[in-house]
Amino acid sequence: MTDDTTYEVYAIQYAYRSERKRHETFITNAWTDPLHGTAQPISYYIWAIVNAERAIVVDTGFDAAEAARRRTQSGELWRPEMRCTPVEGLAMLGIDAAKVTDVIISHLHFDHAGTLSDFPAARFHLQEQEMQFATGPCMAHSYFNGAYTVDQVLDMVRHVYSGRVGFVSGDAEIAPGITVHCIGGHTPGVQCVRVRTRRGWLVLASDASHMYDNFEEMAPYPIVADVRTMLTGFDRLGALAESRSHIIPGHDPLVMARYPALNAACEDMVVRLDADPRE
Ligand SMILES: [Zn+2]
């Protein structure tokens, strides 16, 4: 192992939702943004970081049962289209979820931290601040707890007790060429992942920037614990990445258009992020 280890990086789009508006992605209204009521679809991703030595997974998504629960709870307003389960998406890359030893959890929102039981061999790398926030006084408010699912958080608490959570406070190396960095803003403990690839340092922003336009336009996302930290976080993503085109937002459908599919069978499900993007 040398200190110039590089990785292949893949985005797996496990779910998609077309019925969604621009004002759900940007803090905006008819007055500040005439397009606020226009469509802004959203993709749901997990990511895989792979080389000959290891396969590290970033986030674990949600399953069909969670999708059904939220669909009912929302009165059928929230209707995602499931493309595959996170486990199936990883299998397309030849990764057996049951054997994965390291999973980075960007934050504990429902669309990032479900399906933990599908990773029985994993250690979960999570920011201390995220666990504190998800189990602290802010969770008494529906504004803050709406994007968390208590049973998923309880699963992670159980993993704390069984010694399977690797807590991080700030910046940490997970493996050679793979580091995590607490960005905050969206939630206090949301972290990005910086990976050395053949095209330089790639940053998986996860929900430190949901869409390209959030960081490119310095436009905050409406689910936010601290707007000021979110804005400084956009700059931090830029400082960590080789260039702006090396930042991968957490939910943007454009990621699927800008990067090549793994193969024809995985079109619309798996794209390769260490390839040069189409502009
Ligand atoms: Zn999310």
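Look for Tyr 16, whose bridge partner in strand 4 is Glu 81. Keep in mind as you look around that this is a predicted model.

Which other strands does strand 1 pair with? One is strand 2 (residues 42–50), again in the antiparallel sense, this time over nine bridges. To find your way along that pairing, pick out Ala 11, which sits opposite Trp 47 in strand 2. Another is strand 13 (residues 270–272), also antiparallel, with three bridges. Here the pair to spot is Tyr 10 and Arg 272, with the arginine belonging to strand 13.

## Buried or exposed?

So much for the neighbours; now for the cover. Strand 1 spans residues 8–17, and eight of its 10 residues are buried, which leaves the strand mostly covered. Across the protein, buried residues account for 44% of the 279 residues.

## The whole protein

Zoom out and you can count eight helices and 13 strands. The C-alpha trace spans about 55 × 45 × 35 Å along its principal axes.

How does the radius of gyration fit a compact globule? For 279 residues, such a globule would come out near 19 Å, and the protein has 17 Å, so the two agree.

Take the contacts between residues at least 6 apart in sequence: 66% of them join residues at least 24 apart.

Technical notes:
Residues numbered from 1 in each chain as written. Predicted model: local features only at pLDDT ≥ 70, side-chain atom pairs only at ≥ 80, totals over all residues. Buried ≥ 20, exposed ≤ 12 C-beta atoms within 10 Å, placed from the backbone. Helix = DSSP H or I, 4+ residues; strand = E, 2+ residues; numbered from the N terminus. Pairing = 2+ DSSP bridges. Rg over C-alpha atoms; globule rule 2.2 N^0.38 Å. Contact = placed C-beta atoms within 7 Å.
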